[in-house]
Amino acid sequence: MNTRAKTGTQSSVPVQGGVGQALAHDSGHLHVSGGALYTDDIPEPRNLLHVAIGTSAHPHAKLKKVDLAPVLAAPGVVAVLGAEDIPGENNFGPVLADDPIFSPGLVQYVGQSIFAVAAHSYTEARRAARLAKIDYELLEPILDPEEAVRRQSFVLPTETISRGDSRKALRKALHHLQGKLKLGGQDQFYLEGHIAMAVPREDGDMLVYSSTQHPGEIQHKVAHALGKTSKDIVVECRRMGGAFGGKESQPALFACIAALVAQQTGCAAKVRLDRDDDMIMTGKRHDFVVGYEVGFDDEGRIQGIEFEYAARCGMSADLSGAVNDRTMFHSDNAYFLENVTIVSHRCKTHTVSNTAFRGFGGPQGMYAIEYVVDEIARYLKLDPLAVRKTNFYGTDDRNVTPYEQTIEDNILHELVAQLEASGDYAERRSDIAEFNAASRFLKRGIALTPVKFGISFTATHLNQAGALLHVYTDGTVHLNHGGTEMGQGLFTKVSQVVAEELQIDIDRIKITASDTSKVPNASATAASSGSDLNGKAAQLAARTVKDRLREFAAEHFAVSADAVEFRNNRVQAGKQTVSFTELVNLAFFARVSLSSTGFYRTPKIHYDRKTFSGRPFYYYAYGAAIAEVVVDTLTGEYRVIRVDILHDCGKSLNPAIDLGQVEGGFVQGMGWLTGEELWWNDKGELKTHAPSTYKIPVCSDLPVDFRVQLLESAANREETIHRSKAVGEPPLMLALCVFHALKDAVAAAADYRASPHLDAPATPEAVLRAVDELRARGTAQPERQTG
C-alpha cells in the first residue's frame with residue numbers, strides 16, 4: 001500500500017464535536033421525525049406472542065383458589081403461566097429475594113402479578129387476563145408509613161446516624177422548634193412505558209430487548225428465572241423513552257415474564273404495559289413522614305437537630321435500603337450539623353414497592369432540612385436566606401458531614417453570592433413586601449435555596465465501567481459502553497470524549513446499543529454517574545488505540561513518540577502529516593491492533609456502612625435557585641413568575657445538553673413539590689394512575705421568566721472526565737425554591753405573623769388549606785419551646 005505523507009504543521013481548528021461544544025442530542029433528529037427505534041418499534045419476529053399480566057385486586061390477601069381455565073380457553077390464547085411454571089427462581093428483587101415474579105399464594109399490593117397470559121394479539125391477551133376466577137382470603141393491610149411504624153412493620157432494619165451529642169445540644173439551645181412534615185411521592189411518568197421483548201435463540205439461549213437502565217441486572221434476573229446462566233442471555237437496549245430511575249430495578253419483572261413465555265412456547269414474546277397498568281404495577285419515589293426537633297441560637301445557627309424519617313417502601317425492599325441511606329446522607333444539604341441524630345425507618349406497607357427516582361432519596365432529605373431552616377427563620381423573623389448562609393458549610397472548618405466526609409470543594413458561598421446579586425434577590429424581596437402590603441388577595445413570595453449533592457454510587461463496588469472501541473480501516477469508530485441512553489444525552493457526551501481523544505470529527509463515531517455481550521457486568525446508568533464512569537472508560541479505550549497508533553507512527557516515520565501529534569483528523573509525525581484514516585490503514589497493514597477495551601473505577605471513595613462513615617462521594621455538585629411566585633389566596637391557585645438558576649457543571653462536556661438537564665430537572669422537581677399528587681383510597685387502590693388524574697407539569701406551568709445559567713470557569717477539583725461534573729440529578733433539588741416561595745406567599749396572607757404549615761405536594765388545594773388554617777390561627781407562632 002502506498003501512502004504519501006505531506007509535510008507541514010497541523011491546523012489549530014478544533015475537531016467538530018469535541019469536548020465542550022454545544023451539540024444537539026445525537027438522536028434529536030430521529031426523535032422529532034419519528035425515526036428513533038424504541039423497543040416497541042423493533043420489527044416483530046414471526047409468530048410473536050403478546051403477553052398480559054393478571055394482577056391482584058386486593059392489597060393483602062391469601063390466594064385460596066386461582067382458576068385460570070377460562071383464561072386459557074379465551075380466543076387467541078396460546079399459554080398461561082403462574083408461579084408453578086417458573087423453572088428457576090421466582091424472584092426479580094434487586095437486593096433481597098422478596099419480589100416474586102408471580103405471587104406464590106400471598107398478594108401484598110393491588111396490582112401484584114399473579115399470572116401471565118400469552119395470545120396472538122395484545123387485545124386478546126388483555127381480555128383473557130380479566131377472565132381469571134380468583135378466590136381471596138382478605139388480610140388486614142398496612143397502607144401508610146405511620147401505621148407501619150406503630151406496628152413495627154419494616155422491609156429492612158431501622159438505621160441511625162449520630163454525630164456529636166444532639167440531645168445535649170438541644171437541651172442547651174436558646175430556642176427550640178419541633179414538628180412533623182409529610183412529603184408525597186412521585187411517578188416517573190416516562191413517555192415510553194415498561195416493555196420487554198424476548199426472542200428465543202438456538203440451544204436454549206435468549207435475546208431480550210428491554211427498556212432498562214440496567215441491562216446487566218436484567219440479564220442476571222432472566223437467567224435465574226429460566227434456570228440458565230448469564231452466558232445464555234443477551235440483553236440489548238438502544239434507547240429508552242425516559243426512565244428517571246423507574247427503569248433501574250422495575251423492568252426485571254416484565255423481562256422475566258417475556259422470557260418465561262418465550263422459553264415455554266418457543267415463540268418470541270412481548271410484554272407492553274399501558275399507562276394505567278404501568279402506574280399501578282410499578283414503584284415510585286418514596287413518600288415520607290418526617291419528624292424533627294431543632295435547637296438554635298439568636299442568629300439561627302443550628303446547635304442540635306434530630307430527624308426521624310418514615311418512608312413508604314411498599315411490600316418489598318427493592319432499592320429502599322440505598323434510597324433511604326441517601327436520604328440520611330443528604331439530610332444536611334448545604335449545612336453544617338455538628339450535633340445530629342438521624343433515624344430512618346424503612347416501612348413495609350401493602351402498596352407497590354417504591355424504587356429509584358431521580359435523586360434517589362436525596363431530595364427527601366434535602367426537603368426536610370430546608371423546611372427546618374425556613375421554620376427557624378420565620379420563628380426568628382429573619383430573612384430565610386440569611387439563616388441559610390449562617391448555617392452553610394465552611395471551607396476550612398465546619399466542613400465535615402454527618403457521615404464524616406470532609407468537604408474539600410465547597411463553592412456554595414461564591415455561587416450563592418453571585419446568584420443573589422444577578423437575581424436581584426434583596427431588591428425583589430423588598431418589592432414583594434410592598435406589593436403584599438397593598439394587595440388583599442394576591443400574595444407574592446420569594447425564596448433562594450442551595451443544593452449540595454454528592455456524586456457516586458454509595459455502594460462503592462458499583463463505581464466502575466467498561467467500554468469497547470473498534471477503529472475500522474476507513475477511519476470510522478464503533479463504540480460501545482455499559483451506559484444506557486434514556487434521552488439524557490449520554491451517548492452524545494461519550495462520543496464527544498472519544499472525538500476529543502482521537503481528534504476526529506464526531507460524525508465518524510457510532511455508538512451502538514447497550515449490549516451485555518459487548519460490555520459485561522455494567523452498573524446501572526444511575527446516580528448521575530453515566531458520563532463520569534462511561535466517559536472515562538471510553539477515553540481509556542480510545543487512548544489505548546491511540547497509543548498503539550502513536551508508537552507505530554513513531555517507528556514508521558522514524559521520529560520519537562513525543563513528536564507524534566493527533567489534531568483535527570490528521571496526525572503529524574515530525575515534519576510529516578497524514579490523515580487519521582491513512583495512519584489507520586498503514587497500521588492495519590503492519591498488523592497493529594485497532595480495537596481495545598477500557599475500564600475505569602472511581603478513585604478515592606470508600607465507605608463503611610456499619611458505621612455510616614467514610615467517603616461515599618467522589619465530589620459534590622452545587623447549585624442555587626431563586627423562585628418568585630404569586631398566589632391567589634381565594635382559590636389557592638398560583639403561578640411561578642420568575643426563576644433564576646445558577647448551576648455548577650464543572651467544565652461542561654456539552655453545555656447544550658447540560659442546560660437541558662438543568663431546565664428539565666428543575667421542572668420535574670417543581671412537579672414533585674407542587675402538582676403531582678399520588679392518592680390511594682382505603683382499599684389500597686392507587687386512583688391517580690393516568691394523566692387525567694395525575695398532573696405532571698406542562699408548558700403552561702413553566703416560569704414566565706426562566707433564567708438558567710451554568711457556572712463558568714468552575715472546573716471540577718477532582719480528576720473527572722475533562723473536569724466536568726454530573727448533571728442528571730442535582731438540578732431536581734433546585735426546585736425546592738418554588739415550594740419555599742409558595743410558603744413565603746402563604747405567610748404573607750397573615751402578614752408574616754406566623755409560619756404556615758404546608759406539606760408537599762403544594763397543590764392549589766393544599767395551598768388554600770394552608771392559607772385558611774393560617775388565618776384561622778391568627779398570630780399564633782409555630783409550636784416551640786424556649787429556654
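1. In this predicted model, helix 15 (residues 530–556) packs on helix 16 (residues 580–589) at an angle of about 80°, and their axes lie 10 Å apart. The two helices are therefore roughly perpendicular. Helix 15 contributes Leu549, Phe552, Ala553 and His556 to the contact, while helix 16 contributes Phe580, Leu583, Val584, Leu586 and Ala587. By class, eight of these residues are nonpolar and one is polar, with no charged residues.

2. Helix 16 is largely enclosed by the rest of the structure, because seven of its ten residues are buried. These are Phe580, Thr581, Leu583, Val584, Asn585, Leu586 and Ala587. Just after helix 16, Arg591 has a positive phi of about 60°.

3. The largest nonpolar core has 152 residues, and the members touching the most others are Phe307, Tyr367 and Phe666. Helix 10 (residues 362–380) is the main contributor, giving eleven residues. Domain 1 (28–36 + 464–601) and domain 3 (406–456 + 613–787) both supply residues to this core, so the core lies between them.

4. Leaving aside residues up to four places away in sequence, Phe666 touches Val643, Ile645, Pro703, Phe706, Pro731, Leu732, Leu734, Ala735, Cys737 and Val738. Another core, of 37 residues, lies apart from the largest one; Leu49, Ile53, Met206 and Leu226 are among its members.

Conventions
Residues are numbered from 1 along each chain as its sequence is written. This is a predicted model: local features need pLDDT of at least 70, side-chain atom pairs count only at pLDDT 80 or more; totals for chains, interfaces and linings use all residues. Side-chain values use heavy atoms; hydrogens and water are left out. Axes are lines fitted to C-alpha atoms, for helices over the stretch in contact, and angles run from 0 to 180 degrees between N-to-C directions. Helices (H or I, at least four residues) and strands (E, at least two) are DSSP runs, numbered from the N terminus. Angles under 35 degrees count as roughly parallel, over 145 as roughly antiparallel, 65 to 115 as roughly perpendicular and the rest as oblique. Contact means heavy atoms within 4.5 Å. Ala, Val, Leu, Ile, Met, Phe, Trp, Tyr, Cys and Pro count as nonpolar, Asp, Glu, Lys and Arg as charged, and the others, Gly among them, as polar. A nonpolar core is a set of buried Ala, Val, Leu, Ile, Met, Phe, Trp, Tyr and Cys residues joined through side-chain atoms within 4.5 Å. Buried means under 20% relative accessible area, exposed over 50%, partly exposed in between (1.4 Å probe, protein chains only). Domain bounds come from an automatic or database domain assignment.
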